[in-house]
Amino acid sequence: MNTAVSGRLPDFPWDKLTGYAEQARAHAGGIVDLSIGTPVDPTPAVARQALIDAADAPGYPLTVGVPEVRQAVVDWLSGTHGVTGLGVDQVLPLIGSKEFIASLPTYLGIGAGDLIGYPALAYPTYEVGAALVGARAIATDALTTFGPETPKLLWLNSPSNPSGRVLPKEHLKKVVDWCRERGVLLVSDECYLDCVWEGEAYSALHPDICGGSADGILVVHSLSKRSNLAGYRCAFVAGDRSVIAELLAVRKNLGMMMPAPQQHAMAAVLGDEAHVAEQHERYRGRRTRLRAALEAAGYTIDHSEASLYLWTTRGPDGPDCWQLVADLAAQGILVAPGAFYGAAGSHHVRIALTASDERIDAAVERLTRG
């Protein structure tokens, strides 16, 4: 078997949690798995009905997506996030956002000798995409780190996974301007833009940030967290018209087609904010209870003003992330070590809010009891 490609990729992080998962599972009250942000609440009725109504789909879907889906994206970005001037030819549906993030360097012809930048604390798939094509990658939050070099691609992620940090509008504009001056494609991963608890988060396509032009910018969004659609694989990319056209040309040849019923489900949930507000309040209650219990147990929560995680530590002089994982596993609570997201996370763990009320309350009880 040829393992040349897989050998270029980092180890799959969650494989390293197996022993801790077994320990947590052995707890008398069962495991509380807060390690992965997978939704557990029901898929909204509006999505299920749309899927049923579109279930008769004998023909191949189009990679570009049906017009109603692309229009729903344009209308949602405009009505919910203040994006202006976007056309339906600036939108592509995706089969979940992860496949796109991992494959984007390939689609763009980036390769050996090219440079990709991504945040110091980062979703591991940015690194995977760079490794897959043999590109160099720099994990940094400071543009000065690049020195005289110019990356081909720069990833932004606000709100952040894992830390929940939200970048202010002024910072986003500075990054947009820097990229445009140098001809760098900026791709903003905005999958948690609707999961904000404190303050306000902005899309990189907001006119105050991009000047009303999508030139040089792509934004990536997922319906997995916003609408409990992780199992449907519904996401989209929007932005620079010429880049979208190039992505379409490549993806057509690869057969990257979102199934037609899922396209209609995505259009339906983008047009419905009621289920979003309902789910948001579920998560708010879980977040409030879990945060209070963690802090009472001596933990500190950093950032976490958005996203579906609590970025948790006992301080830079306290236990490292793996010791924190072990401590919580002993209480039957499984969390993700910050090291999964880069060296900057070595003293943190990421604790997901994506568990049922019963499991969250079990974690609160164990933390309280000590």
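The following note sets out numbered points on the fold, cores, helix packing and backbone geometry of this predicted model.

1. Basis of the note. The model is predicted, so local features need pLDDT of at least 70 and side-chain atom pairs count only at pLDDT 80 or more, while totals for chains, interfaces and linings use all residues. Residues are numbered from 1 along each chain as its sequence is written, and side-chain values use heavy atoms, with hydrogens and water left out.

2. Overall form. The protein chain comprises 14 helices and 13 strands; these are DSSP runs numbered from the N terminus, helices being H or I of at least four residues and strands E of at least two. A compact globule of 370 residues would have a radius of gyration near 21 Å, and the chain agrees with its 21 Å (taken over C-alpha atoms; the globule rule is 2.2 Å times the number of residues to the power 0.38). Along the principal axes, the C-alpha atoms fill a box of roughly 55 × 55 × 50 Å.

3. Of the 370 residues, 55% are buried (under 20% relative accessible area; exposed is over 50% and partly exposed lies in between, with a 1.4 Å probe and protein chains only). Among contacts (heavy atoms within 4.5 Å) with a separation of 6 or more, 75% are between residues 24 or more positions apart.

4. Largest nonpolar core. This core has 44 residues, of which Leu-77, Leu-86, Leu-154, Leu-223, Phe-236 and Met-266 touch the most other members. A nonpolar core is a set of buried Ala, Val, Leu, Ile, Met, Phe, Trp, Tyr and Cys residues joined through side-chain atoms within 4.5 Å. Elements that each supply at least two residues include helix 4 (67-81), strand 5 (153-157), strand 8 (234-239) and helix 11 (260-270). Helix 4 gives the most, with 6 residues. Leaving aside neighbours within four places in sequence, Leu-77 is in contact with Gly-82, Val-83, Leu-86, His-221, Phe-236 and Ala-238.

5. Second core. A separate core of 41 residues includes Tyr-283, Leu-294, Leu-308 and Cys-321.

6. Helix 2 with helix 13. The axes of helix 2 (residues 18-25) and helix 13 (residues 321-329) come within 9 Å and cross at roughly 25°. The two helices are therefore roughly parallel to each other (angles under 35 degrees; over 145 is roughly antiparallel, 65 to 115 roughly perpendicular and the rest oblique). Axes are lines fitted to C-alpha atoms, for helices over the stretch in contact, and angles run from 0 to 180 degrees between N-to-C directions. Tyr-20, Gln-23 and Ala-24 of helix 2 meet Trp-322, Val-325, Ala-326 and Ala-329 of helix 13.

7. Helix 6. In helix 6 (residues 125-133), the buried residues include Thr-125, Tyr-126, Gly-129 and Val-133. The buried residues of this helix pack against several elements, among them helix 1 (4-8), helix 5 (97-107) and strand 6 (185-189). Gly-134 follows helix 6 and has a positive phi, near 75°.

8. Backbone points to inspect. Most residues other than glycine have a negative phi, and most peptide bonds are trans. A cis peptide bond, with omega about -5°, joins Ser-158 and Pro-159; Pro-159 lies in the loop between strand 5 and helix 7. His-303 has a positive phi of about 50°, and Ser-304 one of about 65°. The loop between strand 9 (300-302) and strand 10 (309-313) holds His-303, and Ser-304 is found in the loop between strand 9 and strand 10. His-303 counts as partly exposed because its relative accessibility is 40%, whereas Ser-304, at 0%, counts as buried.
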